[in-house]
Amino acid sequence: AQHPSLRRRLAVARPDVDPAREYDTWFFHGPELQGFGERNGSSLGEMLIWFFWFYTQSFMREDMVVSVRNGRPITKEAKGWQEPKKYDRHVISIEDPLEHEVDLGRYVDEKTILDIEGEMQRALDMLVAGESLARVMEPYAQPRAADPRR
C-alpha cells in the first residue's frame, strides 16, 4: 500500500492549531507510525555513531541527496540537481520533506561544507572515543594561534 506524502498528512485541518501562531510545530502521530522502529535493536547512542559515520565516511555528497521523505538518499540526477544554479549551489543537497523541489543545502558553499564535514568528523571521533554526548554537543572553540610575541 502506498502511504500518502508527509505534506498531505500535515495539511489536514487541525482544530488545536491557533491560526495566529506564526509557525505550526505539530508532529504527526498517526496510527500507521505505531510500532515504527521496534525491530531496530540498536541503542540511541549506536544509531548516533552510525549517523555520523554514514555522513562522514559513506555518503557521496557530489552525487546524492539527503531525503528524509524517502528514508534513504536519492540521486542528484533524479532531482535534476547535478549542476549549480544562481542560488542553488548543490554542494550538499538536502531535500525539503514538505517542499520537495527545494534544496535546503542550497546556500552551502565549498568552504562551509568543509566546516560541516569537520564538525561531523569531530563528533564521530569523540563518540567513538567514549566522550559524553554533552561534551560532543559543546560549542566548538577554534584553537587560538600562538602569540608570536611570546
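Which residue's side chain meets that of Asp115 in a salt bridge? Select Asp115 and Lys111: their side chains form this salt bridge, with an N to O distance of 3.5 Å. The term stands for a side-chain nitrogen of Lys or Arg within 4 Å of a carboxyl oxygen of Asp or Glu.

Before going on, note that this is a predicted model, in which local features need pLDDT of at least 70, side-chain atom pairs count only at pLDDT 80 or more, and totals for chains, interfaces and linings use all residues. Residues are numbered from 1 along each chain as its sequence is written, and side-chain values use heavy atoms, with hydrogens and water left out.

**The whole chain**

Show the chain as a cartoon. It has 5 helices and 3 strands, in the sequence pattern α-α-β-β-α-β-α-α. Helices (H or I, at least four residues) and strands (E, at least two) are DSSP runs, numbered from the N terminus. Switch to a surface: the chain exposes about 12,000 Å², and carbon and sulfur atoms supply 56% of this area. Accessible areas come from the Shrake-Rupley method with a 1.4 Å probe; for residues, only the protein chains shown count as cover. Of the 150 residues in the chain, 21% are buried. Buried means under 20% relative accessible area, exposed over 50%, and partly exposed in between (1.4 Å probe, protein chains only).

**The sheet**

Select the strands next. The 3 strands form an open sheet in the order β2-β1-β3, with mixed pairing. β2 (74-75) and β3 (93-95) are at the edges with a single partner strand each, so one side of each has no neighbour in the sheet. Two strands pair if DSSP finds at least two bridges between them. Strand β1 (residues 64-67) runs antiparallel to β2, and 2 bridges join them. To see the two strands side by side, pick Met64, which stands opposite Thr75 in β2.

**Arg61**

Now move to Arg61, in the loop between α2 (44-58) and β1. Is Arg61 buried or exposed? With a relative accessible area of 12%, Arg61 is buried. Leaving aside neighbours within four places in sequence, Arg61 is in contact (heavy atoms within 4.5 Å) with Lys76, Val91, Ile92, Glu110, Ile113 and Glu117. Display the backbone of Val91 as well: the side chain of Arg61 reaches its backbone oxygen at 3.5 Å. Then select Ser93, 32 residues from Arg61 along the chain; their C-alpha atoms are separated by 7.2 Å.

**Salt bridges**

The whole structure holds 7 salt bridges. Return to the opening pair in helix α4 (residues 110-128), where Asp115 and Lys111 are 4 residues apart, about one helical turn. Asp115 is partly exposed at 45% relative accessible area, while Lys111 is exposed at 59%.

Stay in helix α4 and select Glu119 and Arg122, which lie 3 residues apart, about one turn of the helix. Their side chains meet in a salt bridge at 3.0 Å, N to O. Glu119 is partly exposed at 33% relative accessibility, and Arg122 is partly exposed at 21%.

Next, select Arg135 and Glu131, whose side chains meet in a salt bridge at 3.6 Å, N to O. Arg135 is partly exposed at 40% relative accessibility, and Glu131 is partly exposed at 35%. For the last stop, select Arg69, Lys79 and Glu95: salt bridges that share partners join these residues into one network.

Notes. A polar contact is a pair of N or O atoms within 3.5 Å; within protein, one must be able to donate a hydrogen and the other to accept it, and residues adjacent in sequence count only if both atoms are side-chain atoms.
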